[in-house]
Amino acid sequence: MTAILWLRRDLRLDDNPALMAALDSDQGVLPLYIHAPNEEAPWAPGGASQWWLHGSLRSLDEALRQRGSRLRIERGDSLAVLRRVIAESSATEVHWNRLYDPEARARDARIKQALRADGLRCESHKASLLFEPWEITKSDGQPYRVFSAFWRACVKSLAHPRPVAAPARLPATAPPSGAIALDDLQLLPRIRWDQGLQSSWQPGEPAALALAERFLHAQVEDYKAARDLPGVVGTSRLSPYLHFGEISPRRILALVMDAFGDPTSEPVESFVREIGWREFAYHLLYHFPQTPTEPLEARFADFPWSSAENQGALDAWQRGQTGIPLVDAGMRELWHSGWMHNRVRMVVASLLTKNLLIPWQAGARWFWDTLVDADLASNTQGWQWTAGCGADAAPYFRVFNPIRQGERFDPQGSYVRRWCPELARLPDSHIHQPWAAPQPTLRAAGVSIGGNYPAPIVDLAASRLRALAAYERIKG
Ligand SMILES: Cc1cc2nc3c(=O)[nH]c(=O)nc-3n(C[C@H](O)[C@H](O)[C@H](O)COP(=O)(O)OP(=O)(O)OC[C@H]3O[C@@H](n4cnc5c(N)ncnc54)[C@H](O)[C@@H]3O)c2cc1C
């Protein structure tokens with residue numbers, strides 16, 4: 001008799017409630033991953049996410065083998081595969097941890113119903129959030145739309161049961177008969193564009209835990225001051241690990257509490273609050289499942305975007321060739337490493353949606369394909385927030401000025417110099433606005449505007465006024 005552990009975006013053994021429930025059944029445990037990207041459509045993992053997934057599955061299989069088990073990999077319709085594996089292994093139970101994307105929720109509900117009708121015990125568990133999206137609601141039962149109120153409610157019940165560590169041994173599973181090898185999933189790109197990802201990341205649970213411990217030991221005390229500076233490593237970079245469930249937010253919270261006690265006071269409050277933003281993003285996605293494509297603020301449906309004539313601008317933005325250094329640095333960091341600093345995500349998103357008036361959905365889609373931490377809840381929230389149409393959004397009239405943002409958060413231009421090396425020899429005073437530098441300064445730095453670095457594709461002041469005028473038309 002066997003209990004199947006259906007693994008999805010919970011690719012870890014530590015603090016894994018579905019694993020613990022499967023073990024509690026006192027039967028063999030069969031860890032199973034089913035590759036079914038079409039079931040997540042239109043949000044099947046993008047290129048960078050697929051790269052990460054490959055590394056993550058390999059790491060998980062290693063961890064399982066070290067404990068006497070192994071990962072069974074399958075491909076195809078999830079319900080059909082589950083039924084086949086259930087029949088082969090005489091399984092009586094199936095356990096999984098919950099997902100919250102609309103497509104996955106619908107699929108999982110259908111599968112749970114079907115397997116229960118087949119006579120199986122079939123349970124889903126909470127693993128990737130501190131709070132289920134339905135656990136925290138306003139007193140009238142409605143979902144929150146303002147982060148500060150949501151987080152105040154969460155903080156009251158932050159004390160969680162201690163996470164259960166990864167078991168030292170697992171029951172052996174019979175060698176799979178029809179299973180396929182990880183490489184057969186063809187998650188790695190055929191044309192190897194992934195060198196930047198390889199040099200930036202190590203997917204997998206051991207790396208996640210080591211990173212969290214190192215961050216809490218050496219960096220979190222500076223987080224409040226450093227988190228806005230893209231030129232320094234001031235944030236945890238845990239986002240892809242959290243997305244793929246290689247570490248749980250409960251484990252992070254437990255590490256914080258072990259090291260610092262109260263998670264709601266400095267030096268850790270600012271960091272824990274960001275984990276709260278992730279919870280809020282899931283709360284919103286769950287209660288407003290249309291928001292990956294539609295604005296939460298309905299009046300933005302009539303916003304006069306100018307997408308038709310703007311393909312050239314979208315291309316320049318994607319390639320980091322806008323002529324605006326902080327934006328180009330961010331877009332190149334994204335292309336190279338699959339990640340971008342949060343402050344710069346806001347700046348590039350603001351340029352796209354406000355100065356260029358390109359719909360936020362086009363930017364969200366590009367991020368979806370290129371981010372290793374592409375996450376439907378956080379990406380939707382980040383884009384809608386910056387575009388001004390989401391919950392608790394920045395007021396529309398607050399258009400980020402990439403020159404001021406650069407001068408304030410990258411004052412010596414170290415971030416820009418790293419990602420736009422053609423500008424590296426400019427003095428600090430001109431690094432964020434090279435087009436305004438005197439010719440002799442440009443010549444001395446080896447910069448030619450319109451030559452080795454583009455002229456700005458948009459006039460920042462004029463386009464800001466155009467954006468405000470567009471907003472006036474829907475303000476109501
Ligand atoms: C336009 C835009 C798109 C974004 N797309 C994504 C995305 O696809 N996936 C994603 O994980 N984050 C996204 N974010 C949020 C944020 O930029 C990243 O979570 C953060 O940069 C990850 O870096 P870190 O792990 O070093 O964060 P830290 O500052 O160390 O924060 C710790 C953790 O808190 C969570 N977190 C931090 N900030 C946010 C936030 N604003 N919203 C939600 N969760 C947050 C993340 O899980 C992060 O790993 C987006 C933000 C914007 C403005």
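Buried here means under 20% relative accessible area, exposed means over 50%, and partly exposed is what falls in between, with a 1.4 Å probe and protein chains only. Keep in mind that this is a predicted model, where local features need pLDDT of at least 70, side-chain atom pairs count only at pLDDT 80 or more, and totals for chains, interfaces and linings use all residues. Residues are numbered from 1 along each chain as its sequence is written, and side-chain values use heavy atoms, with hydrogens and water left out.

Most residues other than glycine have a negative phi, and most peptide bonds are trans. Ser90 has a positive phi near 50° without being a glycine. You'll find Ser90 in the loop between helix 3 (78-89) and strand 4 (91-97); helices (H or I, at least four residues) and strands (E, at least two) are DSSP runs, numbered from the N terminus. Ser90 counts as partly exposed because its relative accessibility is 44%. Asp15, also not a glycine, has a positive phi of about 40°. Asp15 sits in the loop between strand 1 (2-7) and helix 1, and at 5% relative accessibility it counts as buried.

Then there are the cis peptide bonds. One joins Ala41 and Pro42, with omega at about 5°, and Pro42 belongs to the loop between strand 2 and helix 2 (47-66). Another runs from Glu266 to Pro267, with omega near 15°; Pro267 is in the loop between helix 10 (249-260) and helix 11.

Is Arg278 buried or exposed? Its relative accessibility is 9%, so Arg278 counts as buried. Leaving aside neighbours within four places in sequence, Arg278 is in contact (heavy atoms within 4.5 Å) with Ser128, Leu129, Leu242, Pro249 and Ser378.

Gln27 is another buried polar case, at 17% relative accessibility. Gln27 is in the loop between helix 1 (17-24) and strand 2 (28-35), and its side chain reaches the backbone nitrogen of Thr2 at 3.0 Å.

Now for helix packing. Two packed helices are described by the angle between their axes and the distance between the axes. Helix 13 (residues 325-337) and helix 15 (residues 360-370) have axes that come within 9 Å and cross at roughly 35°. These axes are lines fitted to C-alpha atoms, for helices over the stretch in contact, and angles run from 0 to 180 degrees between N-to-C directions. Met331, Leu334 and Trp335 of helix 13 meet Trp366, Phe367 and Thr370 of helix 15.

Finally, the ligand. Which residues come nearest to it? Of the 28 around it (a heavy atom within 4 Å), the nearest are Tyr223, Thr235, Ser236, Arg237 and Asn342. Thr235 has a polar side-chain atom 2.6 Å from a ligand oxygen atom, and Ser236 has one 2.6 Å from an oxygen atom of the ligand. A side-chain N or O atom of Glu274 is 3.0 Å from a ligand nitrogen atom.

Key
Polar contact = N/O pair within 3.5 Å; in protein donor to acceptor, adjacent residues only side chain to side chain.
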